[in-house]
Protein chains: 2
Amino acid sequence: MRKAGDTIMRSLAMLRVIPVQPRSKTTREIGEELLAVDPDYEVDIRSIQRSLEKLSAIFPIGSERDGRANRWFWTQKDAITQIPSMSRETAFALKLAGEYLKPIMPPSTLGLLAGHLRAADEMLKGESKLGAWTRKARIVERGLATIPPSVRQDVIEEVYRALLDDQRIEVTCSAPGKRATRRVLNPLGVVFRGGVIHLVATEDGEEGDDEVQHFMLHRMSNPTLLAEPVQRPRGFSLSRHIKETDEFSSDPGTVKLRLRALFQPEAFGQLGDGKLASDHRATTRRDGRTLVEATVADSAELRTWLMGFGAMVEVVSPKRLRNEFVEHAEALHAAYVKK
Amino acid sequence: MRKAGDTIMRSLAMLRVIPVQPRSKTTREIGEELLAVDPDYEVDIRSIQRSLEKLSAIFPIGSERDGRANRWFWTQKDAITQIPSMSRETAFALKLAGEYLKPIMPPSTLGLLAGHLRAADEMLKGESKLGAWTRKARIVERGLATIPPSVRQDVIEEVYRALLDDQRIEVTCSAPGKRATRRVLNPLGVVFRGGVIHLVATEDGEEGDDEVQHFMLHRMSNPTLLAEPVQRPRGFSLSRHIKETDEFSSDPGTVKLRLRALFQPEAFGQLGDGKLASDHRATTRRDGRTLVEATVADSAELRTWLMGFGAMVEVVSPKRLRNEFVEHAEALHAAYVKK
DNA sequence: CCGAAAAGCGACGTTTTCTGTCGTGCAGAT
DNA sequence: ATCTGCACGACAGAAAACGTCGCTTTTCGG
């Protein structure tokens, strides 16, 4: 009747089916989901009751009476045990990832990973002293660290959930100048740009307007997930939308150019041994400068990157780009040196 | 004798004690570690044998004969099950983190997190269609994407291990011009800088030289972990070392300055609602430009960042910084416009 | 207000599994 | 050759798990 080792597997499966704190499932639901995972887990519901009771004695699992049914849930949100346990190297990499993400990823989103980072801490705790890993690894930032606007945790989670479930969401949107308004949105996607999260959505107005708008998450509050399905404009595509929107001008588009630029030694050193493209070529000239050649996307980022080096980099070609830099030099000269 | 629910807990603990593929543990070792985790797991070693046998029938656990002892290990490297299972929102955040990290974190290190990303995939798989999350979230890069040099996976893992265990490591170092040499290093720390990993270490020469050097991981191969402890220079500190080294000139040092700069609307828009510092202030003037004031670190990154905006940002004060920008404008003018 | 339906829970007897113990066999170590 | 540490088969008692029955509680509908 019972298969070998079935009990342990089923208990494990149960642990995975039980949701965390804010959500919960009834005994029956757990039984059904268990069955859906693997039909071999077919047992009397009474057994499931007993297992749940036992597990809740061992693990941080709680139950609550909801009418005539019992609802079960994990009480500790961030307690994660992983099997097989992660290796120390992976834990190290995970902590590093956290450091990498801290300055660029919205804290609210990063917060969802807190459990994993904590688990890595736990794994590394045994090693030498606590926090010792900090003394052994450091990330030297390339860009300037800015403080991204903070997004409320509940907004983040509800928006993600709305996206995953393709459900509408109702939120209060505020804007610097205007009065806060309550809106019903059809979430289509999220775009991350320098720590700011934009929700791409259509608003549910009286008219069936398909106008795609952007809403910044840090200006939202009081999210309520609605049980209505998202109305998606016909043929909408997030990547296409990003390309067509000036605001996200990034345009990692198809237009490429053959860059040739002269780098002073210090500037070239900053490249490390990194490359701009697969056909990247670097040749050091007699005057000490290095000619870098690569086929790269013709983007605003490229210009920003090149300008960031200041006079340490001179764009040689394509002529079009060089002309831009000539104009840029003149504009700067006009602004700072006057005439 | 047997405590309630003991069996499941012990099985779970065993699963966590067993290492993954390349490494392995004997039956006795597992028993001892189990005991170290919790003295309540005291059982006859025979029982451990039996449990292992049973578990290996259910989980991807294998055994190998090593002399007269059996050695156990997980056969599937990246198969991760987590309890409680991560929420869909967390999985979403994890995938996003992966996207964030892809362009900036060395692939070899990111590779260590493959299992976690896979687990997130698995969790998201049920949602709508496979890979559907990609169509719902996008990260718009701020900086220019460069291709970091690739580091061999074995080098990464061994170096991390050496750091965690404070053990020496022997590697083959190659450099563009020179012949490859075999070196014994005392790893002191790693520094990540724009996708390049530097190992900070002293070399184990004949003389007890305490000269701290840098070795780039992508130029290493054939790592061998040595069973000798690291010889650490008296009073070495990684943060101090980074500060004192010009190569990592970042210097998030203590020197601050009160920046005041005028942003054109487009430039100011790029800030989103982000801030430069906690005392960040922005006031829009009549001519449309916005005056941004903030107390920030006096760093090279600040200059790069400001220069990246080109003529769209004008530094007003401090005077010292403005003078630098005047010189910068003149240098650019001289380089591009000639005289 | 009452009864049916649904869920929880205690109890019981049976089946299955777990566990300690002993004995045997094998492979290095002495 | 003998000893020692480990794996592994076997066995019997103990404990746990299971299905089942029956009772109680709660909700919901008439």
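The model described here is predicted. In chain A, a cis peptide bond likewise joins Ile83(A) and Pro84(A), with omega about -10°; Pro84(A) belongs to the loop between β4 (81–83) and α4 (88–101) of chain A.

**Backbone features in chain B**

- Asp166(B) is not a glycine, yet its phi is positive, at about 55°.
- Asp166(B) is placed in the loop between α7 (153–165) and β6 (167–173) of chain B.
- Asp166(B) counts as partly exposed because it has 18 C-beta neighbours inside 10 Å.
- Asn222(B), also a residue other than glycine, has a positive phi near 50°, and Asn222(B) is found in strand β10 (residues 220–229) of chain B.
- Since Asn222(B) has 13 C-beta neighbours inside 10 Å, Asn222(B) counts as partly exposed.

**Relation of the two chains**

- Chain A is superposed on chain B by a rotation of 180° with 0.1 Å of shift along its axis, at an RMSD of 0.1 Å.
- The two copies are therefore related as by a two-fold rotation axis.
- The copies meet through the same surface, because 100% of the interface residues of chain A are also interface residues in chain B.

**Contacts between chains A and B**

- In the interface, 98 residues of chain A are in contact with 99 residues of chain B.
- On the side of chain A that touches chain B, helix α11 (residues 319–337) of chain A gives the most, with eleven residues.
- That side of chain A comprises 54 nonpolar, 25 polar and 19 charged residues.
- Strand β7 (residues 181–193) of chain A pairs in the parallel sense with strand β5 (residues 137–140) of chain B, over four bridges.
- Arg193(A) has Val140(B), in β5(B), as its bridge partner.

**Nonpolar cores**

- The largest nonpolar core contains 85 residues, and those with the most contacts inside it are Ala97(A), Val159(A), Ala97(B) and Val159(B).
- Apart from its neighbours within four places in sequence, Ala97(B) is in contact with Ala97(A), Leu101(A), Met105(A) and Leu113(A).
- A second, separate core has 35 residues, including Phe268(A), Met312(A), Ala294(B) and Phe325(B).

**Surroundings of DNA strand C**

- There are 22 residues around DNA strand C, of which Thr27(A), Asn70(A), Asp44(B), Arg46(B) and Ser47(B) come nearest.
- Two or more residues of the surface near DNA strand C come from each of α2 (27–37), α3 (45–58) and β3 (69–74) of chain A, and from α3 (45–58) of chain B.
- α3(B) gives the most to this surface, with five residues.
- The surface near DNA strand C has ten charged, eight polar and four nonpolar residues.

**Surroundings of DNA strand D**

- DNA strand D is surrounded by 21 residues, the closest being Asp44(A), Arg46(A), Gly67(A), Thr27(B) and Asn70(B).
- The elements giving two or more residues to the surface near DNA strand D are α3 of chain A and, from chain B, α2 (27–37), α3 and β3 (69–74).
- α3(A) gives the most to the surface near DNA strand D, with four residues.
- By class, the surface near DNA strand D has nine charged, eight polar and four nonpolar residues.

Technical notes: Residues are numbered from 1 along each chain as its sequence is written. Chains are lettered from A and ligands numbered from 1 in the order in which they are written. This is a predicted model: local features need pLDDT of at least 70, side-chain atom pairs count only at pLDDT 80 or more; totals for chains, interfaces and linings use all residues. A residue is near a molecule or strand if its C-beta atom, placed from the backbone, lies within 6 Å of it. Ala, Val, Leu, Ile, Met, Phe, Trp, Tyr, Cys and Pro count as nonpolar, Asp, Glu, Lys and Arg as charged, and the others, Gly among them, as polar. Two residues are in contact if their C-beta atoms, placed from the backbone, lie within 7 Å. Two strands pair if DSSP finds at least two bridges between them. A nonpolar core is a set of buried Ala, Val, Leu, Ile, Met, Phe, Trp, Tyr and Cys residues joined through C-beta atoms within 7 Å. A residue is buried if 20 or more other C-beta atoms lie within 10 Å of its own, exposed if 12 or fewer, and partly exposed in between; C-beta atoms are placed from the backbone. Copies are superposed by least squares on the C-alpha atoms of residues with pLDDT of at least 70 in both.
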